Amino acid sequence: MRIYCEKDYDAMSRRAANIMAAEVIRKPDCVLGLATGSTPVGAYKQLAVMCRQGDVSFKEVRTVNLDEYKGLAPTHDQSYRYFMNNNLFNHVDIDPANTSVPSGLAEDAEAECAAYDKLVESLGYADLQLLGIGNNGHIGFNEPDSSFTKETHVVDLTESTIAANARFFESANEVPRQALTMGIGGIMAARKILLIANGTGKADALYNTVCGPITPECPASILQLHGNVVIVGDEASLGKVIAAGVPVCK
Ligand code: F6R
């Protein structure tokens with residue numbers, strides 16, 4: 001695990017965007033696993049700038065997103081499909097047909113999950129999987145639980161995730177109670193994983209991810225078993241990891 005400690009959100013975003021751009025330049029037809037939420041917005045902005053300046057092209061890139069709220073249409077402004085279009089896809093030269101987000105509207109959500117796993121498998125899994133992390137240690141919407149779930153599945157969101165995501169909705173009541181999420185198997189099958197985090201709210205989750213036992217109580221702790229993980233955090237989010245004496249790159 002290589003850990004970069006950046007001074008603030010902007011520096012974290014630049015580092016993350018550079019790592020992602022490097023992957024696209026190395027392999028123009030790579031598969032990028034993508035995340036939503038507040039953390040990657042800055043990195044996506046940087047990638048859009050790089051693309052506009054002609055430093056990187058997404059023409060051949062395929063993408064697979066981690067998750068989607070169950071019940072939200074792609075046109076809903078809080079759906080993850082809408083988020084991706086708005087924050088990245090509409091600002092780079094990617095072919096929309098090469099982008100995939102699970103459908104929150106599928107009548108048979110279980111079948112949608114199974115089909116999503118087949119799709120990700122048929123693409124050969126992600127060359128680079130971008131992850132954010134929940135305050136509770138979730139990755140994708142793999143919430144703390146008594147066991148890890150390998151496949152894409154429908155998940156009941158925890159009260160802490162609903163509370164954390166209420167900031168994006170009019171009220172906590174509006175936050176969908178369920179989501180479709182790629183499972184731990186799909187995430188761990190990525191050749192490289194880039195986890196990004198900022199703010200003190202993520203400090204415990206990052207500490208448990210890096211220094212804690214590998215347990216489904218902190219889903220991100222499974223990343224200790226992956227051979228190619230890069231964590232990029234700001235000083236606030238990495239405070240506890242650094243205090244524990246874990247070496248970080250500056
Ligand atoms: C979203 C996702 C989630 C978020 C996490 C952090 O696609 O997979 O795991 O990365 O909830 O969200 P933010 O970045 O809003 O703190």
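Predicted model: local features only at pLDDT ≥ 70, side-chain atom pairs only at ≥ 80, totals over all residues.
Local features need pLDDT of at least 70 and side-chain atom pairs count only at pLDDT 80 or more, whereas totals for chains, interfaces and linings use all residues. Residues are numbered from 1 along each chain as its sequence is written, and side-chain values use heavy atoms, with hydrogens and water left out.

**View 1. Residues around the ligand.** The ligand has 15 residues around it, among which T39, D67, H138, G140 and K202 come nearest; a residue is near if one of its heavy atoms lies within 4 Å.

View 2. Oxygen atoms of the ligand lie 2.8 Å from a side-chain N or O atom of T36, 2.7 Å from a backbone N or O atom of G140, and 2.7 Å from a side-chain N or O atom of K202. Of the 400 Å² of accessible area that the ligand has on its own, the protein covers 96% (Shrake-Rupley method, 1.4 Å probe).

**View 3. The largest pocket.** A pocket is an open set of points, on a 1 Å grid over the protein atoms alone, where a 1.4 Å probe fits, with protein on both sides within 12 Å along at least five of seven lines; lining residues have an atom within 4 Å of a point. The largest pocket is lined by 35 residues, including T36, G37 and N165, and α3 gives the largest share, five residues.

**View 4. The second largest pocket.** Among the residues lining the second largest pocket are D117, K118, E121 and K150, and α4 gives the most to this lining, with five residues.

Note on methods:
Polar contact = N/O pair within 3.5 Å; in protein donor to acceptor, adjacent residues only side chain to side chain. Helix = DSSP H or I, 4+ residues; strand = E, 2+ residues; numbered from the N terminus.
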